[in-house]
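Good morning, colleagues. I would like to take you through selected features of one structure, which is now shown.

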Amino acid sequence: MSSHKEAIKENSMIIQKEMLAKQFKDLSMAKELGKKVVYTFVPGNLTELILSFDMLPVYPEINALQSGMRKKSAEYIRDAEKIGFSEDVCTYVKCDIGMMLNGNIGPTGEKIPPPDLLLLSYTGCFTFLKWFENLERLYPGVPVAMLHTPYQEDGVMTEDQINYMVKQMKEEVIPKMEMVSGQKYDHARLSKMMENSAKAEDLLVKILESAKLVPSPIDAYFAGVYYIGPIFTAFRGTQEAVDYYTELWNEVQQRIELGLGPVTPEGEIKEEKFRLVVEGPPNWTNFREFWKIFYDMGAVIVASSYTKVGGVYDLGFRHDPKEPLESLSKYCMGVYTNMNLPQRVEMLENYVKEYKADGFLINSIKSCNSFSAGQLMIMREIEQRASVPVGFIESDLVDPRYFSYSNIKNRLESYFQMLEQRKIILKQEATTI
Amino acid sequence: MYKYYLGVDLGSTTSKAVIINEQDEIIGRGITNTRSNYSVAADIARDEAIYNARFSILQKNIQKEIEFNPSYQKYIADLASVFQYEQFKVRLDRLGEELVKTCHTMFADEEKRKIMLGHLIAIRKAFKPVIKHDYLYNNLGSKNQFFRDIVSEKYNEEVNKLEMSLFEPLMTIWDKSISPAENERVQFNFKELIHKAMDELKHKYKNLPDTSTENTSINFDAEMNLLKGNFDQVSDTLRKHIDEIADLEFNIANMTGTGYGRALLPFPEDCIRSEILCHAFGAHAVFPDTRTVLDIGGQDTKAIQVDKHGLVTSFQMNDRCAAGCGRYLGYIADEMSISINELGPMAMQAEKEVTICSTCTVFAGAELRELTNLGEKREDILGGLHRAIIMRAMSLIARSGGVFNEFTFTGGVARNPAVIKYLTQLVRENYGESIKINIHTDSIFMGALGGAMFARRNLNLDLPSVKKVKEMA
């Protein structure tokens, strides 16, 4: 990384870094602190509930993406393949397993403790089921709690579904948590946390929606993945999260007042040339390189589906202190990957229109069925409904073998030239009419 | 002074150059194999396009005379061929120097060196007249016309005639010499070279037998005789026109580079365009109603959707694997020990299509040998193979949104008749009989043409579609 210039850091970034440092410090000292550890996934997570039992959550897919960013994933994936995982298996899974095989050292260099509970709260990605089956074998005897989240096949959430989810929480999840933590379920405490959740969610929506301004003060994909960090993981429902989002929102407001463009590791984007909506997760192994291609072209991502995997708050959902378990149920069912394809198309179509995007781009992930299924249909629908040029590139989450810089750059260059031409044509048509 | 515009398409296998005039008409085409040195490949393609442009300007200048004198046409065609030979000869001498140089560095022992040099001289003596004859009598036919391919084929033939122990040293000398010889741009003086070609042509006609031999066909004879009787008169009349185009100052007003190697071209940044846009724009220029473009090049297949302006709305390309592209065919041709241009015609003879995988080039080669051993006919295997390539392209087309009327097929592979056969068949099967399928003789030049057209517009939009609407109004 020595060739890169020092990345620009804002105060919110420093705060987030400190939050993460504390989180992993606590994890490494879980035993000494007498805390129990719950492994769970980001989409449809029950973070407030876990925290209300004073337990510490660990998110394996976050560890995998962190390993990808730290250039560790190739080695971890190789080790998982050595013990028999196929080339086609989700690379988050292999990276996570490989990390565990190598001593389970987390992003801060500290050891992540083994799980005291495996909480499978989201089942929309079927790989998650298999992933935890594997973890169960790696940690024999660890209790498993499963919460089955019904898929939004019809695009609506019914009372029955909510009752079904609440029933599972009361009969399966909470009893297991009580057993593991040795504490009783505290309804009032959970309810109180939800107040914080809703506050942070309000702020996050304001931050993400600031990208509706032209030019946009933020990048809602590459920078967006940092913005969603605390609320999608261990901090939802905490005062720290509220403080972080308050600070971030202040920074964004300042940028708006000063008329500044998005912050990137290469510096501020001076001239916004293209506004894009992006579908699909980013590539983590070459994250900065990938981002720089967009930076060099003056392309700003104004909205993305990936920043909705841990909650689609801009569509109105908030955690509700009045009915904590019901709102957790609704939250789980409402995350982006649990929405049916027509809902996703509609959301993305609205993004293109509301955020005044020039184009729609898909980064298709080689090893992620959950995201990739339906992407070509989504692309065609958006092309027709929103009348913007669409682009399609392929890479992977954390397997560096599937990131081909020249191929991606070649496609993106072509795509940006397409957008540029279209702009000229539209301008010409506007002046001739 | 007339203005001309240049487009260079630096592909993974071949480099193409196209020169257009201010009416978007192609007046010059140049093509060469892409070599390790991209800028030499681009220079050679461009030089060739400029020579070719001079010839087409010559034809244009004397269009009327040609109509009345068919012998003029014959003379110009012959001259173009001999002119190519003159260039070839210079390159061959250059290669000769390189072979000698390699021989000197490889063999310290004087005796051994002498023997090798002797063989090299003998090899050269054996094939030089054959190649000359091929050029002078247009015998190169459908074979690849690139210097490297022509010479390597003949060199190989001669080496194979020698004893086995010589094979390895002689082939090593060849491998070490061909690249430096090929990677050097030879600057020709057009006028000097064309005069040489005219002298050579004169010599050819003077020495033609008066009566036809049994081997020559009647047609061939008739064409020859057309010129033979009045050669001097034709030659004298055309000389002043030829000198005129040789002296013509060629003003390239703007240029665009595209293709895989575009970033390496010594062009300013705003003169570099994506090949996807260029192919689409070229296809749109020739067939303005094009909505879907399929381009199969050396290493990638692109399915492109275009709007009424010729602008790309979406595209899909093969990712991670280039099986089913031009190079795949090249590999198969090597496996079968035939030239790449013979593949298509042979596949056209198929009585059935043997199922063959198109997902991996190397495996397809192995499968091919296996099927041959099982007694399948080569033609049928090739039929299956060509169908498999198109099946692969069809899935890419489906990903890009399907085929819309009209459909234009571009790229080097579009010259292959079997590819065209199966493409037509499968497009009709999948998207209906009414789809109009366009394939142009210049399909390999579409990217370069699109580039030249971008160069002419320099982004001051002057679209063919707009022009068409104006014309209609």
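Predicted model: local features only at pLDDT ≥ 70, side-chain atom pairs only at ≥ 80, totals over all residues.

**Helix packing, a buried residue and the interface**

H5(B) passes H6(B) in a right-handed crossing. Helix H5 of chain B covers residues 147-161 and helix H6 of chain B residues 167-182; their axes come within 11 Å and cross at roughly 165°. H5(B) is therefore roughly antiparallel to H6(B).

Which residues meet in this pair? From H5(B), they are Phe147(B), Arg148(B), Tyr155(B) and Val159(B); from H6(B), they are Phe167(B), Leu170(B), Met171(B), Trp174(B), Ile178(B) and Glu182(B). By class, this contact of H5(B) with H6(B) has eight nonpolar and two charged residues, with no polar ones.

I turn now to chain A. Ala299(A) lies in strand S8, which spans residues 299-304 of that chain. Is Ala299(A) buried or exposed? Ala299(A) counts as buried because it has 25 C-beta neighbours inside 10 Å, the cut-off being 20 or more. Leaving aside residues up to four places away in sequence, Ala299(A) touches Lys273(A), Phe274(A), Leu276(A), Phe294(A) and Phe416(A). Its C-alpha atom is separated by 8.8 Å from that of Glu271(A), 28 residues apart along the chain.

Finally, the two chains together. Here 18 residues of chain A are in contact with 17 residues of chain B. On the side of chain A that touches chain B, the elements giving two or more residues are helix H17 (375-386), strand S10 (390-395) and helix H18 (405-432). H18(A) supplies the largest share, 11 residues. The residues of this side divide into seven nonpolar, five polar and six charged.

Note on methods:
Residues numbered from 1 in each chain as written. Chains lettered and ligands numbered in written order. Helix = DSSP H or I, 4+ residues; strand = E, 2+ residues; numbered from the N terminus. Buried ≥ 20, exposed ≤ 12 C-beta atoms within 10 Å, placed from the backbone. Contact = placed C-beta atoms within 7 Å. Axes fitted to C-alpha atoms, helices over the stretch in contact; angles between N-to-C directions. Parallel < 35°, antiparallel > 145°, perpendicular 65-115°, else oblique. Left-handed = near helix turned anticlockwise from the far one by under 90°. Nonpolar A, V, L, I, M, F, W, Y, C, P; charged D, E, K, R; others polar.
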